[in-house]
Amino acid sequence: MARLSCAIIIVSKMKHERASMSTKEQICETAYRLFKEKGYDNVTVDDICKESGIAKTTFYYHLDSKEDTIYPFYKLVFDALAQKMDLILAADTYWKQLVISYFALVKESDSLGYDMTGKLYIANINENKRSIEFGEQLDKTFIAIIKNAQKAGQIRNPKPADELYRAVGYSYIGLEVFWCIYKDEFDRDNAVMSTLETIFDVDPDYKVSYAEIMDDALDDLNIRESGGGN
């Protein structure tokens, strides 16, 4: 229980930050919901303003264009993950906590679809808004879990936890790009699991299947499979 204290403190801070969502974040969250329902190209600024209950002047006070609503996507994803972290930390092994966390990110990304995720990466290539970074508090939470898993012998890779975390982060972004390119032809779930097991060198006794994680954990977190493209 003592080993979890650091991660729990970090999660509490993340939830406090979530409670004070800005007007800009509320607009973006509304935009994401509309993008998922109708597709990015079928949603206008007028649609976003109407659904948000704001004037167009308010929209343009906070954002320069519809494209600008894309940039905070990962922040909202990570905020959503923070709200579920208590359930994630209740998993009976540290390895399960890590796997559930990463697949929660995958499924949140799925909810937006590969088309919108691809637009996010393209937007950052055109101008680096640093919007695909995980964020300091979530970084600390993941690193704390990795350290605990190493101490418990569930992860056998002896590299520093922050280095392992960065390696997985870079790999995750690469897998996201592959998914955006190959769409439904790419088995991202299997690729993510294989990447996690390889980088961390998980003890075989602690390995879990994707089906087990999906049935026992992700459903409890109210994360569902998505339609993919829209």
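Which element gives the most to the lining of the largest cavity? I looked it up: α10 does, with 4 residues. Before going on, some housekeeping. I am working on a predicted model, where local features need pLDDT of at least 70, side-chain atom pairs count only at pLDDT 80 or more, and totals for chains, interfaces and linings use all residues. Residues are numbered from 1 along each chain as its sequence is written, and side-chain values use heavy atoms, with hydrogens and water left out.

**Entry 1: the cavity**

My working rule runs on a 1 Å grid over the protein atoms alone: a cavity is a set of points where a 1.4 Å probe fits but cannot get out, while a pocket is an open set with protein on both sides within 12 Å along at least five of seven lines. A residue counts as lining if it has an atom within 4 Å of a point. Grid points are joined across faces, edges and corners, and a volume is the space filled by probe spheres set on the points.

With that rule I get 1 cavity of 30 Å³ or more. The largest cavity holds about 40 Å³ of space. I listed its lining as Tyr102, Val168, Ser171, Tyr172, Leu175, Val192, Thr195 and Leu196. For elements I use DSSP runs, helices being H or I with at least four residues and strands E with at least two, numbered from the N terminus.

I also sorted the cavity lining by class: 6 nonpolar, 2 polar and no charged residues. My classes put Ala, Val, Leu, Ile, Met, Phe, Trp, Tyr, Cys and Pro as nonpolar, Asp, Glu, Lys and Arg as charged, and the others, Gly among them, as polar.

The largest pocket comes out at about 490 Å³. It has 24 lining residues, and the closest to its centre are Glu25, Tyr71, Pro72, Lys75 and Ser131. Two or more lining residues come from each of α1 (5-19), α2 (23-38), α5 (73-83) and α9 (136-151). I noted that α5 has the largest share, 4 residues. By class I find 8 nonpolar, 5 polar and 11 charged residues around the largest pocket.

The second largest pocket has a volume of about 230 Å³. Its lining is Arg130, Ile132, Glu133, Phe134, Asp139, Tyr165, Arg166, Gly169, Tyr170 and Ile173. Here α10 (residues 161-182) gives the most, with 5 residues.

**Entry 2: α7 against its partners**

How do α7 and α9 pack, at what angle? I read about 150° for α7 (residues 94-112) and α9, with the axes 8 Å apart; axes are lines fitted to C-alpha atoms, for helices over the stretch in contact, and angles run from 0 to 180 degrees between N-to-C directions. That makes α7 roughly antiparallel to α9.

The crossing of α7 and α9 is left-handed, a label I use if the near helix is turned anticlockwise from the far one by less than a right angle, with right-handed if clockwise. In contact terms (heavy atoms within 4.5 Å), Tyr94, Gln97, Leu98, Ser101, Tyr102 and Leu105 of α7 meet Phe142, Ile145, Ile146, Asn148 and Ala149 of α9. I count those as 8 nonpolar, 3 polar and no charged.

Next I checked α5 and α7, whose axes come within 10 Å and cross at roughly 130°. The two are therefore oblique to each other, and the crossing is right-handed. From α5, Phe73, Val77, Phe78, Ala80 and Leu81 meet Ser101, Ala104, Leu105, Glu108, Ser109 and Leu112 in α7.

**Entry 3: α8 on α10**

Last one: the axes of α8 (residues 114-126) and α10 come within 9 Å and cross at roughly 125°. That makes α8 oblique to α10. I have Tyr114, Thr117, Gly118 and Tyr121 in α8 meeting Ile173, Glu176, Val177, Trp179 and Cys180 in α10.

Note on methods
Angles under 35 degrees count as roughly parallel, over 145 as roughly antiparallel, 65 to 115 as roughly perpendicular and the rest as oblique.
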